[in-house]
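The following note sets out some points on the structure shown below.

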Amino acid sequence: MKTNKLEIMVCMGTGGIAAGGTEVLSAFESAIKKLKIPAKLKKGCSVHKVGCRGLCARDVLVDIIIKEKKSTYQYIKPDMVQRIVDEHIVGNQPVADWLATEDYHNFHEKQVKVVLSDCGNINPESIDAYFAVNGYEAAKKVLTLMSRQDVIEEIKRSGLRGRGGAGFPTGVKWEICGGVKNAQKYIICNADEGDPGAFMDRAIIEGNPHSVIEGMIIGAYAIGAGKGYVYIRAEYPLAVERLRKALEDAGKKNLLGKKILKTGFSFDIKVKLGAGAFVCGEETALIVSIEGQRGMPRAKPPFPVHSGLWGKPTVINNVETLANIPHIIRKGPDWFASFGTEKSRGTKVFALTGKVKNTGLIEVPMGISLKEIIYDIGGGMDKGRDFKAVQTGGPSGGCITADLLDINVDYESLAKVGSIVGSGGMVVLDDTDCMVSIARFFLEFTQVESCGKCVPCRIGTKRLLEILDRITAGKGKEGDIELLEELGKDIKASSLCGLGQTAPNPVLSTIKYFRPEYEAHIRDMKCPAAVCKELIEFTILEELCKGCGACVRACPANAIKGEKKKPHTLSSELCVKCGSCFDVCKFGAVKKE
Amino acid sequence: MEITSNVEKTLNRILKDFSAEEGNIISLLQLIQDEFGYIPESTVGWFSGRLDIPESRFYGIATFYARFYQKERGKNIITACCGTACHVKGADRVINAARIELGLAEGENTTDDMDFTLEQVACVGACSIAPVVIINKKVYGRQTSGRLTREIKALKK
């Protein structure tokens, strides 16, 4: 692609499309068409979509490359396109006002992109674009030059560990499954990214689906599998669409199917859509779900590598894990192992969200400090508020407080402080977030998603939620905190699968670090962050209200009355405490406490 | 829903696909739902009879997974994301405003005139533009109660 003289790349991941990426792309296409570029030069021009490049908050992001000089525009709308074409492409003078600012570049500076190296640079719907960045070279090398054992050794040496959360060494998993004698084996790509607050796998599949397919081909060869499945969430329609297109294209090029690349190896991949059950991210539940049953985990052993899908040896790898594989084969295990720490090699993709300035998808070397992630890459706290905690690992994880921000982000260090790397969700919280309410939020989720097989998880999470409901409603009792702790420990100890074993973590970790906040809810009936509805009141401060009427229009319950330009009043009887008035008031005249 | 001869034709087609799909009940239910927008009771009865699989097996699966609907849904589907990022950025307020605008009572998801269904999902994975609402498959980022109310009003016309 680099030979092109003019390349326009429009970000069209889910975030880009939501911001109007489709319209921006077609505006560029028609504006370029109008330029009537001579046929001779046309060959060197391309306008195309790319997947997520991380900073979705600035979408629509557009890259324009003229003679290998790249300029990035941010917040582009269709009506801005003509000026960019006129001034930048025709006049060779970039539109300075719309160019991405310094913090956009800071966002990328400390990142190290392995898995995401081509995401946001290539057209995810074109297999030729993937070929142009050495796509499928690794698969070719493996199939024609390497033995199965060679592949396994390379992956083992790289130190790659599963990116789905558990961190099991990928090479070891492959070796065990490869050693099992069975004519029929399976490889499954786990794309059931269920953690709320995480979207790494979605972005990888939307941005570079072929890298995942290539990883699967290599894995299948290494373990001796003839068939693969991608189990993907139905909530990700764009990822599903691009994956299907990629599979079809790969099939046409004989990269899938019978006798791949004229070698003796045959392998095919099928897509299975999830039906909305978080627990199906657990491998034994995922397997029975592919088989068409209720996704309920079973006891291990036997592990799937011995007895998995339809009782056959099965390897299950996460999307990000698989997307790392082609890079390791192409550039060597030592190159990969040069990133990260001794026990956590390589990079990790995180979904950085919440109350930081730059929310988006980031890829960093393992071992980077949390502080660097939040302040250097994330650009610090949004709206100048105070940092309170960062929640990692979603409903299975925990919170990390300000005094621990210097710790390194790797599997062991995060576990030591009671959290986990998990699949990679990182939600930053500020002083307006109530930790009891956050814990309640996660429990509400895990309680609904518990499959119901184990009593401690099914009933225990329900009881935990009831206690948290009570506390956030101002009806907490002395002893509730201790009860939460005891119950949480019991659930962890007596549940079968990862869901139950980790479900109490958000509660236990918030109690550990924010006990006074729990106590304030129970003893003083106060929510210090002013979040819990039952414990707060909204009032309008007469001296600050300008009578602009914004709150009157915003109030869904008609609880605010008042004449224009005169202080308004809020009826506490009608108020539903939705906070809309607080959000829209520009004068700080709505008080919440 | 009544099984008319037209419906039966569709069901026979699904039955054929079902055999091709390794006899997978989840896939079968997905096919039914793609066709009718929900899983009508009568179709479960029809397949149960043809396949000699008890209806309870179908319902066991349909009720286990969140994305199977046993009730007919509205013409416009509003999906509000309740993931962590959306939650901390005020998804509750946005959903609340939509409920009031649509006049939905507690526990109700579809308006009486069948024009709207408001559903909540755990996470749509668009966390960097939270809070997110999907209206008829189109993703809207950075929603506020005001913006969503305006969108709903526009759809009502």
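1. In this predicted model, the centres of domain 2 and domain 5 of chain A, taken over C-alpha atoms, are separated by 54 Å. Chain A is assigned domain 1 (6–102), domain 2 (134–336), domain 3 (347–430), domain 4 (435–523) and domain 5 (537–592); such bounds come from an automatic or database domain assignment.

2. The conventions are as follows. Residues are numbered from 1 along each chain as its sequence is written, chains are lettered from A and ligands numbered from 1 in the order in which they are written, and side-chain values use heavy atoms, with hydrogens and water left out. Because the model is predicted, local features need pLDDT of at least 70 and side-chain atom pairs count only at pLDDT 80 or more, whereas totals for chains, interfaces and linings use all residues.

3. Thr539(A) belongs to strand S14 (residues 538–540) of chain A; helices (H or I, at least four residues) and strands (E, at least two) are DSSP runs numbered from the N terminus. Thr539(A) counts as partly exposed because its relative accessibility is 37% (buried is under 20% relative accessible area, exposed over 50%, partly exposed in between, with a 1.4 Å probe and protein chains only). With neighbours within four places in sequence left aside, Thr539(A) is in contact (heavy atoms within 4.5 Å) with Ala589(A), Val590(A) and Lys591(A). Glu593(A) is 54 residues from Thr539(A) in sequence and 8.8 Å from Thr539(A) in space, C-alpha to C-alpha.

4. Asn317(A) is placed in strand S8 (residues 314–318) of chain A. Its relative accessibility is 4%, so Asn317(A) counts as buried. Not counting residues up to four places away in sequence, Asn317(A) touches Thr170(A), Lys173(A), Trp174(A), Ile187(A), Ile188(A), Cys189(A), Asn190(A) and Leu322(A).

5. Helix H14 (residues 319–331) of chain A is mostly covered, with eleven of its 13 residues buried. Among the buried residues of H14(A) are Glu320(A), Leu322(A), Asn324(A) and His327(A). At the start of H14(A), Asn318(A) brings a side-chain oxygen to within 2.7 Å of the backbone nitrogen of Glu320(A). Just after H14(A), Gly332(A) adopts a positive phi of about 95°.

6. Helices H9 (residues 170–179) and H11 (residues 209–223) of chain A pack at an angle of about 45°, with their axes 8 Å apart; axes are lines fitted to C-alpha atoms, for helices over the stretch in contact, and angles run from 0 to 180 degrees between N-to-C directions. H9(A) is therefore oblique to H11(A) (under 35 degrees is roughly parallel, over 145 roughly antiparallel, 65 to 115 roughly perpendicular and the rest oblique). H9(A) contributes Trp174(A), Cys177(A) and Gly178(A) to the contact, and H11(A) contributes Ile218(A), Gly219(A), Ala222(A) and Ile223(A). By class, this contact has five nonpolar, two polar and no charged residues; Ala, Val, Leu, Ile, Met, Phe, Trp, Tyr, Cys and Pro count as nonpolar, Asp, Glu, Lys and Arg as charged, and the others, Gly among them, as polar.

7. Chain B has seven helices and four strands, in the order α-α-α-α-β-α-α-β-β-β-α along the sequence. Its division is into domain 1 (5–64) and domain 2 (76–156), and the centres of these two domains of chain B, taken over C-alpha atoms, are 30 Å apart.

8. The C-alpha atoms of chain B fill a box of roughly 50 × 30 × 25 Å along the principal axes. Of its 157 residues, 54% count as buried. Among contacts in chain B with a separation of 6 or more, 62% come from residues 24 or more positions apart.

Key: A polar contact is a pair of N or O atoms within 3.5 Å; within protein, one must be able to donate a hydrogen and the other to accept it, and residues adjacent in sequence count only if both atoms are side-chain atoms.
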